[in-house]
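Student: I have a structure open and would like to learn how to read its features. Where should I begin?

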Amino acid sequence: MTEENIKEAMIKTIESVFSDMVFIDTLHIEKSPENFDYTQILYIDIISPSNGYIIAYLPLDLRKTIVETIHSTDWDEMHASEIDDCLLEILNVIAGNFMTELLGRGAKYNISFPAVNYDEEDIEQLDKSQEIYFSAEGPIFRINVLLNS
Amino acid sequence: MKYKRILITDDSATSRMIIKRCIEMAGFFDLEYFEAEDGLQGLTILDSEKVDLIITDLKMPKMGGKTFIRKLKSSEDKKDIPIVVVSSLDNEILEARLKREGVLAVIGKPLSPAKVFDFMEETDD
């Protein structure tokens, strides 16, 4: 399992999950954008066969697009808990599909429940994770992924 | 369509909504849905409601899908209700094990109307 394998699996996963769940075409961005801004961090632990995590850094406009597309409801009419539940479910599906993409369908793996992260300083080994940027038909978001061998 | 009353067990309200929407987009309307956040709530609902199909996630707090399925299969009045697992834990070994335990089908998330349609076509004899 190399960093390149992990990155490729994540790019493929993001493309398919966003296309299938929110009908958005995503494009991997090779170069880190100069002004990247986000309003929410979502986190899920990878427990086995390797330990690590997946973190999604989402800007407000993308959060709105995702939630409004899935729920067919205006963002302003939704409760904060419904919004979080929707975005966490996306991360949950991303994590499951990423592990399957990386390890194959026969592989066993275990992931935690996804959660909203309120303090980036709580995240360990952030400097060791891979930062992968995507454009979601305009808005930019970032995925950090770490898998310890 | 032989399934008219469906119990959906998933801790995510979004996931439950997606499942219902996919069923409708697959062309199956006028169904009655019951919703539970975990296996425990699912069992409580089944004590008072008769359903034709159970769609359940695996990873849920309080009582996860595997325990829920085991409890259903060991219950005289619930063991014959068809169970479909919809989960992000997409794994051939797990799928084989669940099918041995009596699960009718295992569908990976994200769910799509096409996946629902295929399942309904296959099982709607």
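Tutor: Begin with the names of the elements: helices (H or I, at least four residues) and strands (E, at least two) are DSSP runs, numbered from the N terminus.

Student: What should I know about the model itself?

Tutor: It is a predicted model, in which local features need pLDDT of at least 70 and side-chain atom pairs count only at pLDDT 80 or more, while totals for chains, interfaces and linings use all residues. Residues are numbered from 1 along each chain as its sequence is written, chains are lettered from A and ligands numbered from 1 in the order in which they are written, and side-chain values use heavy atoms, with hydrogens and water left out.

Student: How do I read a helix, and which residues of α2(B) are buried?

Tutor: Relative accessible area sorts residues: buried means under 20%, exposed over 50%, and partly exposed in between (1.4 Å probe, protein chains only). In α2(B), residues 39-48, the buried ones are Gly39(B), Gly42(B), Leu43(B), Ile45(B) and Leu46(B). They lie on the same side of α2(B) because they cover an arc of only 160° around the axis; the arc is that of the directions from the helix axis to the C-beta atoms. On the other side of α2(B), Thr44(B), Asp47(B) and Ser48(B) are exposed.

Student: What covers the buried residues of α2(B)?

Tutor: Contact means heavy atoms within 4.5 Å. The cover includes β1 (5-9), β2 (32-36), β3 (53-56) and α3 (65-73) of chain B.

Student: Which residue caps the N-terminal end of α2(B)?

Tutor: Asp38(B) does, with a side-chain oxygen 2.9 Å from the backbone nitrogen of Leu40(B).

Student: Which residues of α4(B) are buried?

Tutor: Leu94(B), Glu95(B) and Leu98(B) are the buried residues of α4(B). Their arc around the axis is only 100°, so they are on the same side of α4(B). They pack against α3, β4 (83-87) and β5 (105-108) of chain B.

Student: Where is Lys78(B) found, and is Lys78(B) buried or exposed?

Tutor: Lys78(B) is in the loop between α3 and β4 of chain B. Lys78(B) counts as buried because its relative accessible area is 10%. Apart from neighbours within four places in sequence, Lys78(B) is in contact with Leu43(B), Leu46(B), Asp47(B) and Leu72(B).

Student: How do I read a salt bridge?

Tutor: Side chains of opposite charge can pair when their charged atoms come close. The rule asks for a side-chain nitrogen of Lys or Arg within 4 Å of a carboxyl oxygen of Asp or Glu. Over all chains, a search of the whole structure finds 17 salt bridges. One of them joins Glu131(A) and Arg142(A), at 3.8 Å from N to O. This pair links distant parts of the chain, eleven residues apart, with Glu131(A) in strand β6 (residues 130-136) and Arg142(A) in strand β7 (residues 140-147) of chain A. Glu131(A) is partly exposed at 43% relative accessibility, whereas Arg142(A) is buried at 8%.

Student: Which residue forms a salt bridge with Glu35(B)?

Tutor: Arg16(B) does, with the closest N and O atoms 2.7 Å apart. Here too distant parts of the chain are linked: Glu35(B) is in strand β2 and Arg16(B) in helix α1 of chain B, 19 residues apart. Glu35(B) is partly exposed at 32% relative accessibility, and Arg16(B) is buried at 9%.

Student: How many residues of chain B are in contact with chain A?

Tutor: In chain B, 20 residues are in contact with 24 residues of chain A. Buried area is the accessible area (1.4 Å probe) that two parts lose on being put together, summed over both. For these chains it is about 1900 Å², 50% of it on carbon and sulfur atoms. In chain B, Thr14(B), Lys59(B) and Pro110(B) lose the most area to chain A, together 28% of what that side buries.

Student: How many salt bridges does the rule find across the interface of chain B and chain A?

Tutor: The rule finds two. Glu89(A) forms a salt bridge with Lys109(B), with the closest N and O atoms 2.9 Å apart. Glu89(A), Asp10(B), Asp57(B) and Lys109(B) are linked in a network of salt bridges.

Methods: Polar contact = N/O pair within 3.5 Å; in protein donor to acceptor, adjacent residues only side chain to side chain.
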